[in-house]
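Keep the 3D view open as you read.

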Amino acid sequence: MDKEYIAEAEKIEALLKEFLPAVPGAEWYSRVFPRLDIRPELTESLLEPGRDLFSRGGKRWRPIMAHLVCRALGGGNAALPLLPLVEFCHTASLIHDDLEDSSGQRRGKPTVHLLYGNDTAINAGAFLYFLPLTALEHWDVEAEDRNHLWQIWAEHLRFLHLGQSLDIAWHRDPAYFPSLEDYTLMSSLKTGCLARFAALLGAETARISRKNSSPRKSDCEINEGLLASLGAAAQKLGVGFQILDDVKNLLTGIKGKERGDDVVEGKKSLPVLLFVQEDQKNRASFVQRCFRAAQKGGVNIPEVEQFIDALTDAGALAEAEKRGKNLIIEAGTAFSALPAVDKEAGRLLTSLTELLQ
């Protein structure tokens, strides 16, 4: 990560560790499990899987974006206490996604369900969706504002799960290849909506923090138009990031994962759909054959390399990469047009998109 973001990332990292500490104290238990007198060892199987995955690192770009949006719009550090709503929900989705895809590695180690078992992974992952709600419960604002943000969070979590259901349905049916329009919908829901939520979280906390303060001439109005523009830009950023991730999975491999494991999964990613649409009948049959072979033999079989070579030669990987980068560039352009109160935060927000290309 660029050194300009290290200070912001360290603030966020410290906060996240408070919500999922190595050794929870009495204050943590009273906040998370009120009215329960419970021994710490009884919660270990609930907390350790999430702690394990969280400790392996991650880019944390979603909470960083939320924090920078809040700062840029004149809210200062108001979003910081709520950032677990973004990152822990992302971590939860990774645990469940790896289990649903039968993935073997995540961030350089065996996936959570392989280390702790499917049942523990499901339960610990679900807990990570609910744990950050304690941040909302203890947020010192009017009930109307708390309920408004709660509603936004719940709406986006429903979107995320709908997107995941589409992705699962598609890779469970080897013969089905969705249209590019349906792919765009799925990726906007599955990967774009959490980025969109992060941006809205930053903007809404800025609005709420400024509500009772004296407005300055330089303060921009945080209206529905601004929120819509921010949300759309962040969603493009999330989708673009995912597309580039899928391209890297096939070309060079993603750090901490096995190169080509998307082929084992049978993932209908954008490079695959761009490849198939040029010759649906013949190429769909070829893709299905490679997927079936990879599901049986893993990533180190000739069919995986044949598959990657075919997508490369057809220009599908290059075209997908171009589309992913264009979405991220469009997000950066929208962020640069933000009427920022804090100019430095606005600059860092725009530069964040360059780091993700």
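Which element gives the most to the lining of the largest cavity? It's H10, with five residues. Before we go on, a word on the ground rules: this is a predicted model, in which local features need pLDDT of at least 70 and side-chain atom pairs count only at pLDDT 80 or more, while totals for chains, interfaces and linings use all residues. Residues are numbered from 1 along each chain as its sequence is written, and side-chain values use heavy atoms, with hydrogens and water left out.

Now back to the holes. Rolling a probe the size of a water molecule over the atoms shows where empty space is left. Here a cavity is a set of points, on a 1 Å grid over the protein atoms alone, where a 1.4 Å probe fits but cannot get out; a pocket is an open set with protein on both sides within 12 Å along at least five of seven lines, and lining residues have an atom within 4 Å of a point. Points are joined across faces, edges and corners, and a volume is the space filled by probe spheres set on them.

The structure has two cavities of 30 Å³ or more. The largest cavity holds about 80 Å³ of space, and its lining includes Asp-167, Tyr-183, Lys-190, Gln-242 and Lys-268. Two elements give two or more residues to that lining: helix H10 (180-211) and helix H11 (224-251). Those labels come from DSSP runs numbered from the N terminus, with helices (H or I) of at least four residues and strands (E) of at least two. Sorted by class, the lining of the largest cavity has two nonpolar, four polar and five charged residues. For the classes, Ala, Val, Leu, Ile, Met, Phe, Trp, Tyr, Cys and Pro count as nonpolar, Asp, Glu, Lys and Arg as charged, and the others, Gly among them, as polar.

The second largest cavity comes to about 30 Å³. Among the residues that line the second largest cavity are Leu-250, Val-263, Phe-291 and Phe-307. Five nonpolar residues, one polar and two charged make up this lining.

The largest pocket has a volume of about 990 Å³. It is lined by 39 residues, and His-90, Leu-94, Arg-106, Phe-241 and Asp-245 are the ones nearest its centre. The elements giving two or more residues to this pocket's lining include helix H4 (61-72), helix H5 (84-101) and helix H9 (143-172). H5 gives the most, with eight residues. The pocket lining divides into eight nonpolar, eleven polar and 20 charged residues.

How do the helices pack? Axes here are lines fitted to C-alpha atoms, for helices over the stretch in contact, and angles run from 0 to 180 degrees between N-to-C directions. H11 meets helix H16 (residues 316-336) at an angle of about 155°, with the axes 8 Å apart. H11 passes H16 in a left-handed crossing, where the near helix is turned anticlockwise from the far one by less than a right angle; clockwise would be right-handed.

Helix H13 (residues 270-277) and helix H15 (residues 302-313) have axes that come within 10 Å and cross at roughly 70°, so H13 is roughly perpendicular to H15. Their crossing is left-handed. The axes of helix H1 (residues 6-19) and H4 also come within 10 Å, crossing at roughly 110°, which makes H1 roughly perpendicular to H4. That crossing of H1 and H4 is right-handed.

Finally, a few single residues. Trp-170 sits in helix H9 and, at 7% relative accessibility, counts as buried (under 20% relative accessible area, with exposed over 50% and partly exposed in between, using a 1.4 Å probe and protein chains only). Arg-35, in the loop between helix H2 (26-32) and helix H3 (44-55), counts as exposed at 81%. Most residues other than glycine have a negative phi. Arg-35, though not a glycine, has a positive phi of about 70°. Arg-107, in the loop between strand E1 (105-106) and strand E2 (109-110), also has a positive phi, near 55°.

Methods
Parallel < 35°, antiparallel > 145°, perpendicular 65-115°, else oblique.
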